[in-house]
Each structure stands twice: as structure tokens, then as C-alpha cells.
Amino acid sequence: MNSSPHTSPITTLEKLASELGCSIVDEKLAIHLDNEDELKHLKQCFYIPAKKDLPATEKSLINEEDACIYFCGQSLGLQPKKVKEYIDEELDKWAKMGVHGHFIGNRPWALSDECIVDLMAKLVGAKTGEVALMNGLTVNLHLQMLSFYKPTKARHKILLEAKAFPSDHYAVESQIQLHGLDVESSMLLVHPRKGEETLRMEDILSIIEREGDSIALILFCGVQYYTGQLFDIPKITEAGHRKGCYVGFDLAHAVGNVELHLHDWDVDFACWCSYKYLNSGAGGLAGAFIHEKHSSTIKPSLVGWWGHEFKSRFGMDNKLELSKGINGFRISNPPILLVCSLHASLEVFNQTSMKTLRKKSVLLTGYLEYLIKHYYSENIAEPEKPYAKIITPSRIEERGCQLSLTFSLPIKAVYEELEKRGVACDMREPNRLRVAPVPLYNSFHDVFKFIQILGESLDAGQKKSELQETDKENLH
């Protein structure tokens, strides 16, 4: 695959199809793309659930031995095969040597987070000392906002996108209330324009320019969970700094999905979970970043034992020697079993680079976009035919691997029919279906098969809707 993140995926697909003497919609192209995929071996590092093991599949509609079409990495990544081995290692160590495991083995428990922090720093484009593995995302967000959000009478607002993930929204509300301020006055939301689904960068930059003198903190996501929109992190950061604001990001849907360069972009702070594209398991160990420029000036508002410098941490004299930067924000010792699962996944990422993963991802999602538009766009000539609409931006610079879809049919009917046929994706109220072909473990043939199943599901969903309408008419 000779595409680059800056080449239109359609251009690449058209060129390859022409060379093969077929159309883009031909299965031959999907097979060729998989054969040429330099990352195809990484799929073997993960367990892919079988269709028969998914709870909603109907046996009459599936081949039970087939692997499911797993397009749900934006919600929960698949399990790396090494997870059980690494967890078993630590369970055996605990069984055999008890407390001595704190300082012995591949992952000494007292240092287990630090054993893998360099792998995480590499993924987010940071220096090792700028990243810590700790807690869950929202806990880290609270800890960071306690230090970065210091409202004054003149500068007290927090800027975030209107459809922020609920936990971010709640966290911001509670931080504002903690300072005795009014949420209505101090929470500044950026809304899409009327009739539009996603935010325009010029609108984000305009509100920063207009309101910046009253904004204490800008908190945006990297990739928007609902629409799949990728925001221009360096531009938002630069605009915020120009107006004297601190700028932080929730990277839950960005880390492991798109290229990040947090240090070079001069981001003040960021946090992220690890169970989506980082495949660490439900409730996995989260990550946090604070730029080294703040290492001596930004202090944690709440401290614990693990923020004490390691060299004297076990001196137990109750005289705090606070670690610099993000390491001082650590409160408790790391949970070793969560470290194990994250370690297993980060090792898979370490077999390649985010640049290479992103290159495949652009083509993979571009292929999915093309096929959806080819088969399921609204057709005036066939007004009764069910159709899909992609609300995620088409520009590759404005999205990761996720596409968010709406349908002319009730979303629940489409979702249920996909589930019956062994597709794992997710529905978000009120009317979104999120599908994410993940370059680590999804193939081009997965996309091809999904498109076929989507057609079957739309047909079945339409028949179900027609029957329901007929039943309603009969009742009247």
C-alpha cells in the first residue's frame, strides 16, 4: 500500500483497482489490500470473538465458526493474547514469594507503572517524564483541573465542546461549583452551526479570540466520541495560549487512533483512558500528561505517597519530597494486574509506529466510507430504498478511524439486525451508529463483509418497520 496520510484514499483505491482490472467495490481489491498490508500480522496478537459467542447473534443467520466483524474499538478494544500470560506471571509471583514481588521480576510491583511508561509516552509524542499511568480518566482530569483551573473574577470560564462526553461535562460542572461559581456563567460551550453536526475550526478559534480574556481553561477532546471529528489540537492550543489560557485535552478517542505530538504541540495537560484503542480491558489503567515546562510551577492540589520521590519514598519520615511534574500527581501505588494488560497491548503498538498505523487507518476508513456512499447513499430515483448518512467529516485531517452513521430507518432496527449477523458496533442515543475499523486488528476484507451485512440488515430493518406500520394501521 503506497498511500500516505496526505493522499486521498479514493485516489489510492482507484489506482489499485485500475491496476487489478476491477472496480473499487470488487472483493478482489479487498483481498489484494490485505495481502499487501504490512501490518496484517498484528491481527494475530489479538483474540477475535467468534460470531457464535456474541450474545445477540441468530444461528440461522451466521456461520458459527466465523470470526465476528469487530468494529467497536472506539468503545472497548480487543484482548491482546499476551494479557493472560502476563497476569499469570504476576499471580504466580504473588503466590510464590508474596511481598517480595514488589522489587523482583519483569514488573516489580513498586515500579510497574514506570516499567511501561516509555511505551505510552512514545504513543502520545511526549517525553517519558511528562507521562504517568494512574487512576481512571475522570479522576486524572479532576486532579489536573484542580491545579490548572484557578479562576479569578476576570478569568473564570472553561471552554469545551457542547456535546462533550458526559463525564467531562460533569467534571467541568463540579470544578466550577467547587469554586463557588455559577455553571451557566462559567461553562462556555461551542455548538455546531444550525443544521450542522460537527464543529467548524473557525468557530472554535473565533470564540477563543472573542472570549479568551475571560477563559481560564480550554478543555477539548482530541477526537469527538459522538461524531468522530478529529480536532486540530495544535491550532486550538496555540490560540488558547495567545489569549493567556491553559489548554488541556481528553484524548480517550485519540490515543492509539491518530498521531499525537503533545510535547511539540505545547499542550499544557492531557489525560486519556486505555481501554478503547489501547486495548487494556474494561476500566484499564489511565494515562496523564503535563508538559515539562510546568514541572516546577504546577503542583498537585491533592497528594499521596506515590507522588513522593522514589529514592526516599520508603524512608517513611512523613516529609514530602514531591516528584516534579506529572509524577507528583500520582497518589496510590499502581494496580499490577491492570499494568499487565496495558503492557501486553503497548508491546503490540511497539512493533510498529503510529505513523504507519495511521497510514493504514486512513485507507481502511476511506475504503469503508467509499463503499457506504456507493451502496447506501440517498437515491432520489429510489425514494423507498433505505439509506445511510455519514456525519463524520470526510477530510482525513478531521477524523480518526471511526465513522458515525445515521439511517433513514429507526437506528435500533438497524443495530439489532447487524448484531444478529455477528457485527459488533455500538449505538449512541438518539440516532447514531458508530463503526470503527481499527488498523491493529481489522482488515479490508472485514470492511467488505460489513458492507454486505449492512445491506442485509437494512433490508431486514425495512421489512420490520413496514410490518410495524401495518400492525399500527390494523389496530386503528
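Which residue lies over the face of Tyr 226? To find out, select Tyr 226 in this predicted model and look above its ring, where Lys 163 sits at 4.8 Å from the ring centre.

Next, turn to the aromatic pairs, of which the count comes to 14. Select Phe 165 and Tyr 225, which form an edge-to-face pair with 4.9 Å from centre to centre and 85° between the planes. Phe 165 belongs to the loop between strand E3 (157–161) and helix H6 (166–178), while Tyr 225 belongs to the loop between strand E5 (215–221) and helix H9 (233–242), so the pair ties together parts that are 60 residues apart in sequence. Colouring by accessibility sets the two partners apart, since Phe 165 counts as partly exposed at 34% relative accessibility, whereas Tyr 225, at 9%, counts as buried because buried means under 20% relative accessible area.

Then select Trp 305 and Phe 314, whose ring centres are 5.2 Å apart and whose planes meet at 75°, so that this pair too is edge-to-face. Trp 305 is found in the loop between strand E8 (287–290) and helix H10 (310–313); it is partly exposed, with a relative accessible area of 40%, and Phe 314 is likewise partly exposed, at 38%.

For the surface view, display Phe 103, Ile 104, Trp 305, Phe 310, Phe 314 and Met 316, which make a nonpolar patch of about 610 Å².

How values were computed: Residues are numbered from 1 along each chain as its sequence is written. This is a predicted model: local features need pLDDT of at least 70, side-chain atom pairs count only at pLDDT 80 or more; totals for chains, interfaces and linings use all residues. Side-chain values use heavy atoms; hydrogens and water are left out. Patches are made of residues with over 30% relative accessible area and no salt bridge: like charges are joined within 9 Å, nonpolar side chains (Val, Leu, Ile, Met, Phe, Trp, Tyr) within 5 Å. Accessible areas come from the Shrake-Rupley method with a 1.4 Å probe; for residues, only the protein chains shown count as cover. A salt bridge is a side-chain nitrogen of Lys or Arg within 4 Å of a carboxyl oxygen of Asp or Glu. Helices (H or I, at least four residues) and strands (E, at least two) are DSSP runs, numbered from the N terminus. Rings of Phe, Tyr and Trp (its six-membered ring) pair if their centres lie within 6.5 Å; planes under 30 degrees apart count as stacked, over 60 as edge-to-face and the rest as tilted. Buried means under 20% relative accessible area, exposed over 50%, partly exposed in between (1.4 Å probe, protein chains only). A charge sits over a ring if NZ of Lys or CZ of Arg is within 6 Å of the ring centre and within 35 degrees of the ring normal.
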